[in-house]
Amino acid sequence: MSTTGAAADPLAALGSLPGVADSVESVRKAVDRVYGHRIMRRRSNAITGEAALRGARGSAALSGADWALEEVRRRTDFSGDDEARVVGAALRLTAEAGQLLSIWRQSPLRVLARLHLVAAAGTGDEVGRPRQDGELVDEPLVELPLPNAAEVSGRLEGLAELIIAGGSAPALVTAAVVHGELLALRPFGSHNGLVARAAERIVLIGSGLDPKSVCPAEVGHAEPGRAAYLAALGGYASGTPEGMAAWIAHCGRAVELGARESTAVCEALQRGAA
């Protein structure tokens, strides 16, 4: 998302795109339904924990490790093959996201570096910093043109400035832009999808839209399938008003599906307590 020549609050401007206001309102209603459930008053920690697990599973699925939920739940060793490492990285990021809320609004680039460090779980020079020219990117499921290092640096700085400045944009719009920008840029040598979805989660929690993190958007991104996810991302990368609006609507629907997932968990817990 280029900010050159943009309005003073380009994120807020996106909120006026056709259909975006409807998505924002629909998301708010879906989130409110979960928070209004009677089980949330007594067992919100259990719902948060289950949402974290399901969100990590969904994020891993979008990065090529589509495991059954019960397999994610029972496993304790994620150091085996590539898929196991992806699932382990998704679980670590979900746990880490809640610890970084206080830093995000002051230093989003520091948070992104930390997220990559946690995901990669490595000690190489390329871990925790944006890639440099000539360095390869291991993100085979995203086939968009890859920006060069100078463009990555400039756009990351622009994104950070928007986050630090704040503004009046709805949380859904900010979360969608953060997610889409990180995937379009792929600023790190690996794990960009996982990092982008973790950053989206941080925005949704920190904005107050989903403060208890019980509406896992990752579930909703994964449910329609990877092809639908990548098609929506292509709309964001196009930079057209229609493409941007479609991506924001896709992200809104993802939050709604995450809310529906947690509502079902609440209902199951309520039946068990009856």
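The face of α12 turned away from its buried side carries two exposed residues, A227 and A231. Exposed means over 50% relative accessible area, buried under 20%, and partly exposed in between, with a 1.4 Å probe and protein chains only. Helices are DSSP runs of H or I with at least four residues, strands are runs of E with at least two, and both are numbered from the N terminus. This is a predicted model, where local features need pLDDT of at least 70 and side-chain atom pairs count only at pLDDT 80 or more, while totals for chains, interfaces and linings use all residues. Residues are numbered from 1 along each chain as its sequence is written, and side-chain values use heavy atoms, with hydrogens and water left out.

Stay with α12. Its buried residues are Y229, A232, L233, G235 and Y236. Seen down the helix axis, they fall within an arc of 150°, so they line one face of α12. The arc is that of the directions from the helix axis to the C-beta atoms. An α-helix has 3.6 residues a turn, so residues three or four places apart point the same way. The expected span is 1.5 Å times one less than the number of residues. Just after α12, G239 takes a positive phi of about 75°.

Now turn to α7. Its 13 residues should also span 18 Å at 1.5 Å a residue, and its end C-alpha atoms are 18 Å apart, in agreement. P108, V111, L112, L115, H116, V118 and A119 are buried in α7. Viewed down the axis, the buried residues of α7 fall within an arc of 160°, so they too line one face. What covers them includes α5, α6, α8, α9 and α10. Just past the end of α7, A121 takes a positive phi of about 50°.

Next comes a single residue. H221 is found in helix α11, residues 217-222. With 0% relative accessibility, H221 counts as buried. Leaving out residues up to four places away in sequence, H221 touches L62, H179, E200, Y229, H250, C251 and A254. Contact here means heavy atoms within 4.5 Å.

Then the empty space. Rolling a probe the size of a water molecule over the atoms shows where empty space is left. The search uses a 1 Å grid over the protein atoms alone: a cavity is a set of points where a 1.4 Å probe fits but cannot get out, a pocket is an open set with protein on both sides within 12 Å along at least five of seven lines, and lining residues have an atom within 4 Å of a point. Grid points are joined across faces, edges and corners, and a volume is the space filled by probe spheres set on the points.

The largest pocket holds about 480 Å³ of space. Its lining has 27 residues, and S63, D82, V86, D138 and H191 are the closest to its centre. At least two lining residues come from each of α5 (82-97), α7 (108-120), α10 (192-206) and α12 (226-238). α5 gives the most, with seven. By class, the lining has 15 nonpolar, five polar and seven charged residues. Ala, Val, Leu, Ile, Met, Phe, Trp, Tyr, Cys and Pro count as nonpolar, Asp, Glu, Lys and Arg as charged, and the others, Gly among them, as polar.

The second largest pocket has a volume of about 300 Å³. Of its 18 lining residues, R105, G166, T174, V203 and S207 are the closest to its centre. α6 (101-104), α8 (149-165), α9 (171-185) and α10 each supply at least two residues. α10 gives the most to this lining, with three. The lining divides into ten nonpolar, six polar and two charged residues.

Three have a volume of 30 Å³ or more. The largest cavity has a volume of about 60 Å³. α3 (38-62), α5 and α10 each give two or more residues to its lining. That lining has six nonpolar, three polar and three charged residues. About 50 Å³ of space lies in the second largest cavity. α10 gives the most to its lining, with four residues. The lining of the second largest cavity has four nonpolar, one polar and five charged residues.
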